[in-house]
Amino acid sequence: MRAQKSKNQSEKERERETKQRFNQIERFQFMAVPRPTLLFFSCVFLLLSCEFLQIESLSVGINYGQIANNLPSPHRVKWLLQSLNIKRVKLYDADPNVLTAFLNTEVEFIVGIGNENVSAMVDPVKAQAWVQQHVQVYLPNTRITCITVGNEIYTGNDTALKTNLLPAIQSVYQALVTLGLDKQVNVTTAHKLDILGSSYPPSAGSFRPDVAEYLQPLLNFHSITKSPFLINAYPYFAYKANPGNVPLEYVLFQPNAGVTDPNTKLNYDNMLYAQLDSVYAAIQAMGHTDIEVKISETGWPSKGDPDEPGANPQYAAIYNGNLLQRIEMKQGTPLKPYVPVDTYVFALFNEDMKPGPASERNYGLFNPDGSPAYNIGLNGYLPPLTSDATTMVVNLVSLLVFTSIAMILA
């Protein structure tokens, strides 16, 4: 009996000692890891958990420009885009820092060859070297689905560049074929809406005569390779040029009577869809009905110079907010109601080093610190700077180690 009591007493003493050690560890771990750190990692845990949930990503794409000196690192931007559930990104280059940061994510990229490098791509050897260095090396871990060769070249003044554009595109495409990548990566270029000579009514859309000579063989290329025709379309520019005669409701997707095309009797309740159908009509006028048109840029500035009417956060929020709603509804245009409008919003961040009027530096949905430029319901998460995050990681590891010890002792 005494032996049994002694045994029970011994067990109780060991239990008391274990509890004391656990309390000491518990006090230590909460001293080592401040509450903000715990809150930070709670947020991280929730973000990581989202990857396992069946949440449908946003249909809209985003242009990620980097003409600024105050932007967050690509690794931090990855967290921001994942928290927003944005899965499609368009770059204006093939920045290795960005493509590396997005390894093993579900985000798909359009990468770009700048106008300054287009003529060099006419050389097949240089084109293949570029594809190997900027595309092939990242596949399949980073999802690259498209290459844009140049931007808005046909509305510029460089005749040699215009002449070289299609041969450069063909050379890059042939490099993809040689490397066995042409089934997963397509090649195209982005155009300014000014390539249209006529856009009203939409059914009468046609290309400018000085541009048409370049576009006809390019359209043949798109038809053969099944690559998209990209257009940068900004209803804001039409409003800015003539605010007295362009109804604000029509450009901001707000309720209005709309404009009826006298030829097709189709009614347009917003300018962007009318612009898109004008491009379709112009392409059809050149003999093609099998080419998809995508909007590679559209947006509205939240700030501008005194002579830039409408450039304010209120109108920017209305335009982009209504645009996102329509994209998520998978709307088509009146001419192609069953083809959802494929759009990349311009842009992810305000870019403080862009030249030109103030509006050019204020198209971003977000400020460089990750805060929304205006409220359209997109509240993402931008993690702290690397130094702070590293400290928190160390604290988290300590917390996990001591918690594990406590569980073993218990």
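**Entry 1. Terms and model**

I take strands (E, at least two residues) and helices (H or I, at least four) as DSSP runs, numbered from the N terminus. By that rule I place Ile147 in strand β4. I note at the outset that the model is predicted.

**Entry 2. The chain as a whole**

I counted 13 helices and 12 strands in the protein chain. Of its 410 residues, 46% are buried. I then looked at contacts with a sequence separation of 6 or more, and found that 69% of them join residues 24 or more positions apart. The accessible surface comes to about 20300 Å²; carbon and sulfur atoms hold 55% of that area.

**Entry 3. The largest nonpolar core**

Which residues touch the most other members of the largest nonpolar core? I found Phe109, Val111, Val131, Ile147, Val149, Phe207 and Phe229 in that position, within a core of 102 residues. Helix α11 gives the most to this core, with nine residues.

I followed two of these residues further. Ile147 has a relative accessible area of 0%, and a residue under 20% is buried, so Ile147 counts as buried. Beyond four places in sequence, its contacts include Val111, Ile113, Trp130, Val131 and Val135. Val172, Leu176 and Val187 are also among the contacts of Ile147. I recorded a C-alpha to C-alpha distance of 9.2 Å between Ile147 and Tyr173, which stand 26 residues apart in sequence.

For Val131, with residues up to four places away left out, I list Gln136, Ile147, Val172, Ala175, Leu176, Leu179 and Leu181 as contacts.

**Entry 4. Helix α6**

Val131 belongs to the buried set of helix α6 (residues 124–134), together with Ala127, Trp130 and His134. Why do I say that the buried residues of α6 line one face of the helix? Seen down the helix axis, they fall within an arc of 95°, and therefore they line one face. The general rule is that an α-helix has 3.6 residues a turn, so residues three or four places apart point the same way.

I next checked both sides of α6. Its buried residues pack against α4 (96–101), β3 (108–113), β4 (143–151) and α7. The face turned away from the buried side carries Val125 and Gln133, which are exposed.

**Entry 5. Helix α8**

I tested the length of helix α8 (residues 209–225) against expectation. Where is the kink in α8? I located it at Leu215, with an angle of about 35°, shortly before the proline Pro217. Just after α8, Lys226 takes a positive phi of about 60°.

Leu215 is itself buried. Other buried residues of α8 include Val211, Tyr214, Leu218, Phe221 and His222. The cover over the buried residues of α8 includes α7 (159–178), β5 (186–192), β7 (206–207), β8 (229–232) and α11 (271–285).

**Entry 6. His191**

I looked up His191, which has its place in strand β5. Is His191 buried or exposed? Its relative accessibility is 2%, so I record it as buried. Leaving aside neighbours within four places in sequence, I find His191 in contact with Leu215 and Leu218, as well as with Glu152, Tyr154, Phe229, Leu230, Ile231 and Asn232. His191 and Asn232 are 41 residues apart in sequence, yet their C-alpha atoms are 5.9 Å apart in space.

Definitions and conventions:
Residues are numbered from 1 along each chain as its sequence is written. This is a predicted model: local features need pLDDT of at least 70, side-chain atom pairs count only at pLDDT 80 or more; totals for chains, interfaces and linings use all residues. Side-chain values use heavy atoms; hydrogens and water are left out. The bend at a residue is the angle between axes fitted to the seven residues ending there and the seven starting there. Buried means under 20% relative accessible area, exposed over 50%, partly exposed in between (1.4 Å probe, protein chains only). Contact means heavy atoms within 4.5 Å. A nonpolar core is a set of buried Ala, Val, Leu, Ile, Met, Phe, Trp, Tyr and Cys residues joined through side-chain atoms within 4.5 Å. Accessible areas come from the Shrake-Rupley method with a 1.4 Å probe; for residues, only the protein chains shown count as cover. The arc is that of the directions from the helix axis to the C-beta atoms.
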